[in-house]
Structures are given as C-alpha cells and as structure tokens.
Amino acid sequence: NDDLTTQIANPAQWAIQTGDYANQRFSQLDQINAENVGDLQVAWTFSTGVLRGHEGSPLVVGDTMYVHTPFPNIVYALDLANEGKIKWKYEPKQDPDVIPVMCCDTVNRGVAYADGKIFLHQADTTVVALDANTGEVAWSVKNGDPAIGETNTATVMPVKDKVIVGISGGEFGVRGSVTAYNIADGSLAWRAYSMGPDSDILFDPENTTHLGQPVGADSGTNTWEGDQWMIGGGTTWGWYSYDPEADLIYYGSGNPSTWNPSQRPGDNRWSMTIFARDPDDGMAKWVYQMTPHDEWDYDGINEMILTDQDVDGAPRKLLTHFDRNGLGYTLDRLTGELITAEKYDPAVNWTSGVDMDPASPTYGRPAVLAQYSTEQNGEDVNSTGICPAALGSKDQQPASYSPETQLFYVPTNHVCMDYEPFRVSYTAGQPYVGATLAMYPAPDSHGGMGNFIAWDNIAGEIRWSIPEQFSVWSGALATAGDVVFYGTLEGYLKAVSAETGEELYRFKTPSGIIGNVMTYEHGGKQYIGILSGVGGWAGIGLAAGLTNPNDGLGAVGGYSALSDYTALGGQLTVFAL
Ligand code: PQQ
C-alpha cells in the first residue's frame with residue numbers, strides 16, 4: 001500500500017503495529033540512546049478505561065495517536081499537537097457473548113492504518129474501516145461467527161489495495177483462514193483456508209512447494225482422517241509480514257483441533273505451517289510445516305521477521321521465526337528453503353532437533369522423543385515434564401531485529417507442562433480442547449519462567465540471555481540508539497544495551513505489561529510508548545478471576561504468583577528524556 005509505505009518510511013511515526021512490513025520493530029530514532037536512556041522520565045499517561053489484557057501498541061500517524069483497547073475494542077484518536085486531547089472515540093457495540101468464546105483473554109493486538117482509514121478488527125470478527133480524521137465508519141464487514149467459536153484478537157495488515165485479516169478459534173474447532181478485503185469498500189477479494197480441498201486452500205498442486213517439492217493434489221485433506229479437516233483448527237491469529245519486492249505475504253497457522261492427537265491421525269496439513277502467499281489472489285507459493293501432527297498445542301502463528309543478510313558470504317532474503325515449539329527457524333523467504341532450525345531455549349526437550357538433510361525421507365521434520373509424546377500407537381498418553389509448555393518457548397509476543405547488530409531480541413517463556421489428553425466430541429461453539437494441562441517453571445531455572453534473549457539467526461545461537469521471574473509477554477523494540485526495550489509481567493518497562501543486554505533503565509508501570517513497545521517523534525522529541533494492563537494467556541488468572549490451577553487451559557497455576565506483583569488496569573505510559 002503506497003500510503004502506508006510512505007508513512008512507515010517516516011521514522012517519526014509508528015504507522016503499523018509491527019514497525020514495518022518486515023516485522024523488524026526497529027526504529028531509526030536515536031535521540032534516546034544507550035548513553036542517556038537512564039534519564040528517561042514519564043512524559044504523560046492515558047487510562048484506557050478497560051481492565052483486561054492490553055496487547056499491541058498505539059499507532060502514530062501525523063499528529064494523531066490511535067490507542068485501542070481489549071474488548072469492547074474502543075479506539076481513541078489523541079491529538080499530539082494538543083496535549084493528547086481526544087479528537088474522537090469509537091466504541092463498537094458488541095455482544096458480550098463473544099467473551100467466553102475467546103480462548104486466552106479478550107485481548108486485541110491493535111488497529112492498522114492505510115489510505116486515510118483506521119482498521120479495527122473487533123473481538124466478534126467485525127472488521128471496521130474508520131475515517132482516520134473523524135472516526136466515522138466508512139465500511140464494516142463480518143469476517144466470522146462467534147456462535148461457532150470464531151473470534152478475533154489479531155491486527156490486520158493493509159497490503160496494496162487490500163487488507164489481510166485472520167481468525168481465532170483453534171480451541172473451538174474453527175477451520176482457520178486468511179481473508180483479503182478490498183480497502184475501498186470492504187468487499188471480499190479472496191479467502192484461503194489452512195486445510196481443505198486445493199480450491200479452498202488456494203494451492204496449485206504443481207507450483208506450490210513444500211521444502212522445494214510440489215505439494216501435489218489434495219495436500220490439505222489427505223493427511224487427515226475423514227472429515228476431521230473441516231474442524232481442523234490451523235487458525236491465523238498471529239502477525240503478518242510482507243515483502244514488496246517478492247510481492248509475498250507471510251504468516252503462520254495454529255494448532256490442529258482437537259488438542260487430543262489420537263483423534264486426528266496424520267500430519268494434519270496445513271496446521272502449524274508457515275505460508276508465503278500472493279496478496280493479489282491469495283495463491284500459495286510455498287509452505288513449510290514445522291510441527292506435523294502436533295501433540296502439544298505449539299501454534300505456528302508467531303511473527304515472520306524478514307531480513308536481508310549474508311549467509312556463507314552470499315546475500316540472502318531471509319525469514320526468521322521463533323516458533324512455539326522452541327525452535328528458531330531461518331528460511332529463504334523466496335523459496336522456502338530451510339537454512340537453520342535450532343533451539344532458542346536450552347530447556348526444549350520434546351525434540352532432538354530437525355532433520356536438515358535434503359536427501360533424507362524425514363527432511364525438515366522434528367525428531368520427537370517418545371517420552372514426551374502425548375500419544376502412542378493411536379492411544380492417549382499422559383506425559384509429564386514436557387518443555388516447552390503449550391504456550392511455547394515464545395507465544396505471540398513479538399521479537400525485534402536490529403540491522404545494526406544483526407541480532408534478534410526475543411521475549412521468551414521458560415515453562416514446562418504435564419499433558420493429559422482426553423476424548424472430546426465436537427459441538428459448534430463449544431470448547432473442543434481435549435487435554436488437561438498443568439504448567440510450571442522449567443526445572444533448571446530456579447523458578448524463573450522467562451528470559452529475554454539476543455539471538456544470532458545464522459549461527460542459530462543465543463548471544464546473551466536475561467533471566468526474568470515471569471515469561472516475557474511483551475513485544476520488543478530495538479532502536480538505532482543501541483537500546484532494546486521490553487516489558488515484564490510484573491509491569492516493568494526495561495531498556496537494555498543492544499550489544500550486551502546490560503540493563504540501562506527500568507520503570508514500574510501501573511500493571512503487568514503484555515503490550516509491545518513503540519517509539520515516535522513529535523515536536524523534535526523522541527518518545528517511547530507502552531500499554532500496560534496484565535492479561536493474555538499468561539495473565540488469564542488475573543484477567544478472568546480464575547484460581548483453579550488447571551483453569552485457563554492450564555496457565556492459572558503456573559502464573560499464580562503474578563497477583564503478588566500486579567493488578568488489572570489498562571494504561572498507556574509515554575516516556576521521554
Ligand atoms: N492468545 C494468547 C495471548 O494473547 O496471550 C495466547 C494464545 C492466544 C495462545 O497461546 C493460543 O494458542 C491461542 N490460540 C488461538 C487459536 O488457536 O485460535 C487464539 C489465540 C488468540 O486469539 O488470542 C491464542
């Protein structure tokens with residue numbers, strides 16, 4: 001999208017949730033830098049008026065900041081030229097019946113901007129285009145139906161003349177899809193499902209490839225038994241990236257439904273898959289399935305970060321992805337060739353690693369340790385001590401990349417689990433989970449449930465690691481000032497050296513942070529912005545008032561100590577020197 005591309009190119013703005021189309025979350029601004037970040041002060045704050053988990057970040061386009069909230073998904077336009085005065089407020093009317101159909105809190109990862117419009121994708125799957133100046137509704141379209149478990153938490157991505165939209169509901173047997181609507185009027189352009197017939201998944205059996213080979217006919221049905229693919233999951237609730245030169249969009253699909261693997265024999269393609277698609281017609285160029293026949297709920301939706309780097313002395317167009325399954329993957333983003341797949345948390349134990357030999361029949365597949373399987377010979381198996389837990393070595397909390405250090409800064413989880421699968425039958429709109437989970441800190445960690453790490457994607461190695469008491473559920477920001485920012489579940493905004501990880505600054509915001517750090521410049525001054533407001537899957541106990549350790553899909557027990565540090569409440573905190 002030309003307008004959005006122009007807005008993104010101006011480092012004074014934060015025009016897209018992901019920082020740029022490549023999802024690098026890197027800012028050229030360097031007024032705040034490693035030397036002076038210790039002097040950061042709170043410049044101003046804004047209460048959102050909403051209590052539950054606040055993911056995503058504000059946008060800044062021109063003199064306006066756009067702040068969103070979790071359900072009921074209010075959008076505020078704040079006038080930065082007038083001390084943050086509220087220019088307009090949009091509050092959709094949504095049926096609260098959607099709340100119990102949201103798996104992991106009522107979060108929303110933010111609005112998007114393009115062509116003078118603000119795009120809000122509500123919890124109930126209504127996509128609304130608002131006039132960026134007035135907040136008037138330009139058009140509105142229903143992407144799904146909460147009555148059958150379809151909801152939304154993701155942001156959307158404007159590309160060219162379309163807006164790319166995902167869907168949630170993998171815990172309700174929703175069949176995931178990605179949909180493109182025309183920006184001009186909201187009309188449907190195309191929809192591509194994660195599984196199903198070739199015409200539904202927009203695959204060309206001869207030209208869509210998996211690890212360099214054509215996928216062949218019926219690849220989205222022939223690794224499923226019977227009609228299970230129709231309730232097969234593979235939802236698309238994560239982040240989207242775009243390479244304008246290659247003209248491809250990238251995203252991942254989530255867990256196959258149900259969580260009980262013995263009920264869905266086969267590889268369950270294309271759940272747990274990275275997709276490269278043409279934004280004009282949705283056709284898939286290549287795919288890579290990371291976790292065939294998932295047994296642990298390792299959704300593949302985490303962000304795809306696009307970089308141009310040298311590999312073995314040759315410049316390459318890369319895609320790096322920190323999967324829930326604990327492996328950090330780097331692929332050639334033009335062809336889908338696998339370059340590295342290495343554990344980015346040493347605790348990962350369910351696999352001994354990925355077969356990297358192109359000549360091998362199991363090329364590209366992770367080798368599974370039987371001890372951590374949750375199924376043997378088609379029978380359910382209760383398994384203990386599996387690392388990572390279902391929420392992965394990293395969940396949706398996005399990493400950042402600095403082209404200056406060529407390092408990725410990754411918020412991680414250091415949590416393991418016990419997994420008890422059970423038989424579940426499908427009823428539309430009812431939970432279709434089929435496993436009981438217990439989560440706890442990884443055994444070697446002295447109680448720490450997370451780390452903030454710097455990752456070298458070519459070597460496949462951790463450069464430094466900062467232990468955190470809780471999982472780092474906030475998105476990172478790297479800047480040309482040689483500083484990296486992230487938030488913690490206790491509520492600290494932290495700044496660390498991009499080179500060494502040394503802590504340079506911390507400030508405790510009013511609530512736990514699961515939002516993503518952003519930066520902008522206004523009136524010649526650089527600002528850092530972060531939403532606090534604890535919640536998300538890790539904070540579901542606090543957000544939804546749950547206390548039974550196995551509730552919240554197993555997360556409540558693991559994170560119960562959070563209530564000793566923080567409480568609910570949405571607030572934006574903006575910092576400056
Ligand atoms: N959402 C969070 C969060 O915002 O903290 C964490 C998760 C979700 C998960 O770990 C999930 O597995 C998950 N799965 C789905 C799905 O399968 O459709 C949706 C969501 C969501 O929409 O937030 C999450």
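Tutor: Two residues are in contact if their C-beta atoms, placed from the backbone, lie within 7 Å. Please keep in mind that this model is predicted.

Student: With which residues is Val484 in contact, leaving aside its neighbours within four places in sequence?

Tutor: Val484 is in contact with Ser400, Tyr409, Ala476, Leu477, Ala478, Val496 and Ala498. Val484 is also among the residues with the most contacts inside the largest nonpolar core, together with Ile164 and Phe485. That core has 172 residues.

Student: What share of the residues of the chain count as buried?

Tutor: Of 577 residues, 60% count as buried. As for sequence separation, 61% of the contacts between residues at least 6 apart join residues at least 24 apart.

Student: In what order do the strands of the open sheet lie?

Tutor: The order of its five strands is E1-E36-E37-E38-E39, with mixed pairing. Strands E1 (26–27) and E39 (503–508) are the edge strands, each pairing on one side only. The chain as a whole comes to four helices and 42 strands.

Student: Which residues are closest to the ligand?

Tutor: Of the 20 residues that surround the ligand, the closest are Cys104, Ser168, Gly170, Thr235 and Gly536. By class, this shell has six nonpolar, nine polar and five charged residues.

Definitions and conventions
Residues are numbered from 1 along each chain as its sequence is written. This is a predicted model: local features need pLDDT of at least 70, side-chain atom pairs count only at pLDDT 80 or more; totals for chains, interfaces and linings use all residues. A residue is near a molecule or strand if its C-beta atom, placed from the backbone, lies within 6 Å of it. Ala, Val, Leu, Ile, Met, Phe, Trp, Tyr, Cys and Pro count as nonpolar, Asp, Glu, Lys and Arg as charged, and the others, Gly among them, as polar. Helices (H or I, at least four residues) and strands (E, at least two) are DSSP runs, numbered from the N terminus. A residue is buried if 20 or more other C-beta atoms lie within 10 Å of its own, exposed if 12 or fewer, and partly exposed in between; C-beta atoms are placed from the backbone. A nonpolar core is a set of buried Ala, Val, Leu, Ile, Met, Phe, Trp, Tyr and Cys residues joined through C-beta atoms within 7 Å. Two strands pair if DSSP finds at least two bridges between them.
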